Amino acid sequence: MNYGNIKSYDIADGPGIRVSLFVSGCRHHCKGCFNAETWDFGFGQPYTKETEDQIIGYLGKDYIQGLTVLGGEPFEPENQVEVVKLLKRAKETYPQKDIWCYSGYLYDVDMQEGGKVHTDVTEEMLSYIDVLVDGEFVQEEKDIRLLFRGSRNQRLIMLQNGKDIGRYDEMIKR
């Protein structure tokens, strides 16, 4: 797996201050994608044990709320084996920190058994994710007023209870 970027201080891709990993490789090719260079599986740098160690180190700072994995596409089958290792280590090392993941694939269709990106590690991967933002970015549904999403079709799903919190932005305003 390759990655395009690591942000040690990110405030755009989930609540609080986060560490974000942008993996390379994506088959969605959404019109208007903000990160189109990561569509190429060969873009960026190879993800190594040293890369993982660096991310775990960044997560150790007290002011970091959690980890976000996005891309590219973390749920491409080619990426899942490395991503699940990172998520497991992050959850075991910092159980108090949350994990968010962005995917253009749909949780209830593509990630379930028999779905187009379901692999032998998909369920484990999902078990470490606290909030999944799913659905492709749709240019025609772009809405800059949304928190943590680019288009209205995308959902925020709390995976530990399966609840769609697509109106999370409204809940925060209360």
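Start with Phe148, which is buried, at 14% relative accessibility. Keep in mind that you're looking at a predicted model. Phe148 sits in the loop between β6 and β7, and its backbone has a positive phi of about 65°, although the residue isn't a glycine.

Now look for the ring that Phe148 pairs with. That's Trp100: the two ring centres are 5.2 Å apart and the planes meet at 75°, over the 60 degrees needed, so this is an edge-to-face pair. Trp100 belongs to strand β5 (residues 98-103) while Phe148 comes from the loop between β6 (131-134) and β7 (155-158), so the pair ties together parts 48 residues apart in sequence. Trp100 is buried too, with a relative accessibility of 2%.

How many aromatic pairs does a search of the whole structure find? It turns up 3. Another of them joins Tyr9 and Tyr63, and this one is tilted, with 6.3 Å from centre to centre and 55° between the planes. Tyr9 is part of strand β1 (residues 2-10), and Tyr63 is in the loop between α1 (49-59) and β4 (64-71), so here the pair ties together parts that lie 54 residues apart in sequence. As for solvent, Tyr9 counts as exposed at 51% relative accessibility, and Tyr63 is partly exposed at 44%.

There's one more aromatic ring to visit, this time with a lysine: Lys97 lies over the face of Tyr94, 5.6 Å from the ring centre.

Next, head for the loop between β2 (17-23) and β3 (45-46), where you'll find Ser24. Is Ser24 buried or exposed? It's buried, at 0% relative accessibility. Leaving aside residues up to four places away in sequence, Ser24 touches Asn2, Tyr3, Gly4, Thr38, Asp40, Phe41, Phe43, Gly44 and Asn79.

Last stop, another backbone detail. Which peptide bond is cis, with omega near 20°? Look at the one from Gly71 to Gly72. Gly72 itself is found in the loop between β4 and α2 (77-93).

Definitions and conventions: Residues are numbered from 1 along each chain as its sequence is written. This is a predicted model: local features need pLDDT of at least 70, side-chain atom pairs count only at pLDDT 80 or more; totals for chains, interfaces and linings use all residues. Side-chain values use heavy atoms; hydrogens and water are left out. Rings of Phe, Tyr and Trp (its six-membered ring) pair if their centres lie within 6.5 Å; planes under 30 degrees apart count as stacked, over 60 as edge-to-face and the rest as tilted. Helices (H or I, at least four residues) and strands (E, at least two) are DSSP runs, numbered from the N terminus. Buried means under 20% relative accessible area, exposed over 50%, partly exposed in between (1.4 Å probe, protein chains only). A charge sits over a ring if NZ of Lys or CZ of Arg is within 6 Å of the ring centre and within 35 degrees of the ring normal. Contact means heavy atoms within 4.5 Å.
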